[in-house]
Amino acid sequence: MGDGLTERNVVIANRVGLHARPAAEFVKLASRFDVDIKLTKEDLTIDGKSIMGVMMLAAECGSTLLIAVDGPDEAEALEALSAFLETDIEEGTGLA
Amino acid sequence: MDRLTVQQLIERLGEKLALEISTAPPPTGPDVVTSDVFRPGLLLAGFEQGFNADAIQVLGQPELAYLESLEELAKAEALARLCVPSVPCVIVTDGGPAPKELIATANASGTAVYVTPMAASTLGRRLAAGLDNLLAPQATLHGTLVDVYGVGLLFTGKSGIGKSECGLDLVEHGHRLVADDVVHVTRAPQGHLIGSGNDLLRHYMEIRGVGIIDVQAMFGIRAIRKQKRIEVEVKLVSWSDLEDYERLGFEENRIEILGVGIPLVTLPLVSGKNITVISEVIALNHLLKLHGVHAAREFDSRLRGLTSRVPESADLDRGDTE
């Protein structure tokens, strides 16, 4: 359980948004931590370890997500997951 | 949703109710917060008690005829009583037309006015029913909803425990998938829960180790369903997480979703256990209970019949009856 630092707003940096591949990467990363993760976009909240859920957000580049984590690894998880979303992983792949 | 703007109301119901705009809703007008529909006849006549000022106001033929009968000043006063800031909009029925004094007052007060060719009674019924649906409490749950023998089973549990696989196996056995992973739940006005899928996800499903599959393409139309009443929650837990699970089935555990209580069955998972058959049994047992057959109680009453026998007296000669 947490020490208070359990949620953060992040802006999606990936230039083509959170499509299937980055969503899968996100969930893979999320699953490494012993935490419950909730992602919220506007009025929709989903389980951050569910790939279909993350894709359902259809989060476009520049949109804001609220990450809320709860569990033993919450501090590291929040750090790693925010860093992931705030990185343009498409960079250098030739996708525009 | 617990409130909606007049614009949202028109987007959702405008066509169905044949609403024609007469004066536009202001950008920051009052929201619709109740599914009540009010006929302001008495209010127009000057009796303000019982006026539901948060409701949509419907002016039918009697109200319009009454307004028509009034002198100019009295009419202005009556309309001023009606067009108060909390009124989301006024609907004039039977094709109107909306009296020009109403339009002038509404424009001044920033009240939206619509006209419909429908009769007031028809409009009132449809509007109230539509508002009941739109204003129904909603939530999004993480789980898999399957129609098993007509019973809506909502599978919940941690990520990776096997909710989707359980749903897939049930589909393979002829049951119907409603939603996987993300289930939108609405509390219907009648007080039960309706679950549906998401427009984007539809009947796609992620199966670990395989990837994304399209259940409708794979199993056909019989394998899917758009929405279903949620009747039982089946919580899948791993054996090690287990606290105390049901052995007899006397006590019915319940869980509240949006304030509606439904039975909760906690299922411990071990490898080799056939969750599909157990899920079918849960559904059938629920149906039996609805029909008044409660296996655990009936078995117990048979058992009690045996355990509470009075021992027969040994010295009584059984054959010696009068």
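Two strands are said to pair if DSSP finds at least two bridges between them, and the views below apply this to a predicted model.

**View 1. An open sheet of eight strands in chain B.** In this mixed sheet the strands of chain B follow the order 12-9-8-6-7-13-15-14. Strand 12 (227–229) and strand 14 (254–257) of chain B each have a single partner strand, so one side of each is left without a neighbour in the sheet, and the two stand at its edges. From one strand to the next, the twist averages 40 degrees.

**View 2. The pairing of strand 8 and strand 9 in chain B.** Strand 8 (residues 176–187) and strand 9 (residues 193–196) of chain B are joined by four bridges and pair in the antiparallel sense. Arg187(B) stands opposite Leu193(B), which belongs to strand 9 of chain B.

**View 3. Two helices lying across strands of chain B.** Helix 7 (residues 163–172) of chain B lies across strand 6 (138–148), strand 7 (151–156), strand 8 and strand 13 (232–238), and runs at about 35 degrees to strand 6 of chain B. Helix 9 (residues 275–290) of chain B lies across strand 6, strand 7, strand 13 and strand 15 (260–269), running at about 135 degrees to strand 7 of chain B.

**View 4. The buried residues of helix 4 in chain B.** In helix 4 (residues 72–82) of chain B, the buried residues are Lys75(B), Ala78(B), Leu79(B) and Leu82(B). Because these residues cover an arc of only 95 degrees around the axis, they lie on the same side of helix 4 of chain B. They pack against helix 2 (41–44), strand 3 (56–59), helix 3 (61–69), strand 4 (89–92) and helix 5 (100–109) of chain B.

Definitions and conventions:
Residues numbered from 1 in each chain as written. Chains lettered and ligands numbered in written order. Predicted model: local features only at pLDDT ≥ 70, side-chain atom pairs only at ≥ 80, totals over all residues. Heavy atoms only, no water. Axes fitted to C-alpha atoms, helices over the stretch in contact; angles between N-to-C directions. Contact = heavy atoms within 4.5 Å. Buried < 20%, exposed > 50% of the residue type's maximum accessible area, 1.4 Å probe, protein only. Arc of directions from axis to C-beta.
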